[in-house]
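Colleague: I would like to learn how to read helix packing and a ligand shell in a model. Where do we start?

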Amino acid sequence: MIKVLSPRLANQIAAGEVVERPASVAKELIENALDAGATRIRVEAERGGIASLVISDDGHGIEQQQLALALARHATSKIQDLDDLEGVATLGFRGEALASIASVSRLTLTSAVEGETGFCVSAEGRDMVADVRPAPRNRGTTLEIRDLFFNTPARRKFLKTEKTEQNHIQTALSRQAMSRFDVGFEWVHDGKVHWQLPQAATEAARAARIAKLVGQPFMDAALSVEAEAIGLRLHGWVAAPTFSRSQPDLQYLFVNGRVVRDRLVGHAIRQAYRDVMYGQRHPAYVLYLELDPASVDVNVHPTKHEVRFRDQRLVHDFLFKSLHRLLAQVRTDMPSASAE
Ligand code: ADP
Ligand code: MG
């Protein structure tokens with residue numbers, strides 16, 4: 001017999017795609033905060049984010065009447081029709097994250113818009129909530145997620161140690177902090193403040209933030225990248241070939257502010273290093289590619305780590321040429337010791 005899934009079950013299934021572990025919750029909630037125009041985001045986790053994950057922002061907030069809707073599946077304020085999807089500039093647009101997270105946790109959403117006092121809603125393992133209660137606060141939003149996967153023990157079993165989950169959150173947060181210098185980030189775990197990153201308005205402040213996030217040795221070896229071609233802009237840092245890695249673990253690429261793992265781009269960068277780095281070594285980079293949102297499709301995968309460029313060849317060649325030129329300038333004949 002064919003039956004339509006209950007909304008709750010549908011959400012739990014969808015959660016399987018989006019919500020793998022506390023870090024994926026953190027990523028979705030930080031994206032929501034960024035989409036809300038936050039200038040400061042605070043992430044506080046307890047016990048690897050499994051016991052609790054609290055993300056607060058100073059963004060535009062959610063109106064009282066919309067609070068319950070924010071937790072409903074396929075409810076989004078970010079797109080209305082297919083045309084919007086074509087040039088989507090926000091990080092979210094599926095309207096799935098909060099519903100999915102709510103279906104597998106104990107969630108409390110507290111929010112206030114400018115000039116109002118604030119309200120909150122709670123959900124326990126379900127998407128719709130009945131009562132909206134007053135909860136005074138300043139403008140912005142706080143999402144509190146407790147007991148992740150409390151009602152899906154099979155999923156919970158797949159979580160690793162608290163330490164590992166903590167590291168995953170930190171990695172996710174670090175990527176976000178690298179992508180948005182105009183936003184201040186704070187990261188607290190089990191009461192310990194790990195980072196306090198103020199907004200970084202100058203080049204020096206940006207470099208300092210990267211050094212804090214990926215290590216000073218990278219920054220010491222970093223070459224500044226700044227290249228432009230028709231409709232494409234590349235900036236950021238690549239390590240001089242003297243600083244290489246045995247693993248591809250210090251490779252960050254942001255396309256229009258989104259963290260992206262892309263084979264094409266990875267290939268272009270490897271090619272650019274080919275003459276200056278041993279085959280088994282991996283280059284290190286923190287790069288930002290900006291292009292017309294209409295020429296890149298971000299709707300490839302729910303976690304949105306993949307993108308599809310309309311003109312792949314153009315992007316590949318632009319990256320390769322820009323970096324190859326830069327690396328040729330600093331090319332030394334003395335291959336020196338590696339960084340690790
Ligand atoms: P999406 O981000 O794809 O729209 P979500 O389920 O992540 O879907 O969020 C649903 C809606 O809730 C968003 O479209 C937005 O209107 C609202 N929302 C979620 N988080 C925040 C936040 N931190 N600040 C303001 N609004 C938020
Ligand atoms: Mg979202």
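Modeller: With handedness. A crossing is left-handed if the near helix is turned anticlockwise from the far one by less than a right angle, and right-handed if clockwise. Keep in mind that this is a predicted model.

Colleague: Is the crossing of α7 and α8 left-handed or right-handed?

Modeller: The crossing of α7 and α8 is left-handed. Helix α7 covers residues 162-179 and helix α8 residues 203-214; their axes are 10 Å apart, at an angle of about 165 degrees.

Colleague: How do I put that angle into words?

Modeller: Angles over 145 degrees count as roughly antiparallel. Helices α7 and α8 are therefore roughly antiparallel to each other.

Colleague: Which residues of α7 and α8 meet?

Modeller: From α7 they are Ser 174, Ala 177 and Met 178, and from α8 they are Arg 209, Ile 210 and Leu 213. By class, this contact of α7 with α8 has four nonpolar residues, one polar and one charged.

Colleague: At what angle do the axes of α2 and α7 cross?

Modeller: At roughly 25 degrees, and the two axes come within 8 Å. Angles under 35 degrees count as roughly parallel, and α2 and α7 are therefore roughly parallel to each other. Their crossing is right-handed. On the α2 side the contact is made by Pro 22, Ala 23, Ala 26, Lys 27 and Ile 30; the residues from α7 include Glu 165, His 168 and Ile 169. The contact of α2 with α7 divides into seven nonpolar, three polar and two charged residues.

Colleague: How do α10 and α11 pack?

Modeller: Helix α10 (residues 263-273) and helix α11 (residues 312-329) have axes 8 Å apart and an angle of about 30 degrees. They are therefore roughly parallel to each other, and their crossing is right-handed. Among the residues that meet are Leu 264, Val 265 and Ala 268 in α10, and Val 315, Leu 319 and Phe 320 in α11. The contact of α10 with α11 has 11 nonpolar, four polar and no charged residues.

Colleague: Now the ligand. How many residues surround ligand 1?

Modeller: Ligand 1 is surrounded by 23 residues, and the closest are Asn 32, Ala 36, Thr 76, Gly 92 and Ala 97. Two or more shell residues come from each of α2 (22-35) and α5 (97-103). The shell around ligand 1 has nine nonpolar, nine polar and five charged residues.

Colleague: And which domains is the protein divided into?

Modeller: Domain 1 (7-197) and domain 2 (215-329). Their C-alpha centres lie 29 Å apart.

Methods
Residues are numbered from 1 along each chain as its sequence is written. Chains are lettered from A and ligands numbered from 1 in the order in which they are written. This is a predicted model: local features need pLDDT of at least 70, side-chain atom pairs count only at pLDDT 80 or more; totals for chains, interfaces and linings use all residues. Axes are lines fitted to C-alpha atoms, for helices over the stretch in contact, and angles run from 0 to 180 degrees between N-to-C directions. Helices (H or I, at least four residues) and strands (E, at least two) are DSSP runs, numbered from the N terminus. Angles under 35 degrees count as roughly parallel, over 145 as roughly antiparallel, 65 to 115 as roughly perpendicular and the rest as oblique. Two residues are in contact if their C-beta atoms, placed from the backbone, lie within 7 Å. Ala, Val, Leu, Ile, Met, Phe, Trp, Tyr, Cys and Pro count as nonpolar, Asp, Glu, Lys and Arg as charged, and the others, Gly among them, as polar. Domain bounds come from an automatic or database domain assignment. A residue is near a molecule or strand if its C-beta atom, placed from the backbone, lies within 6 Å of it.
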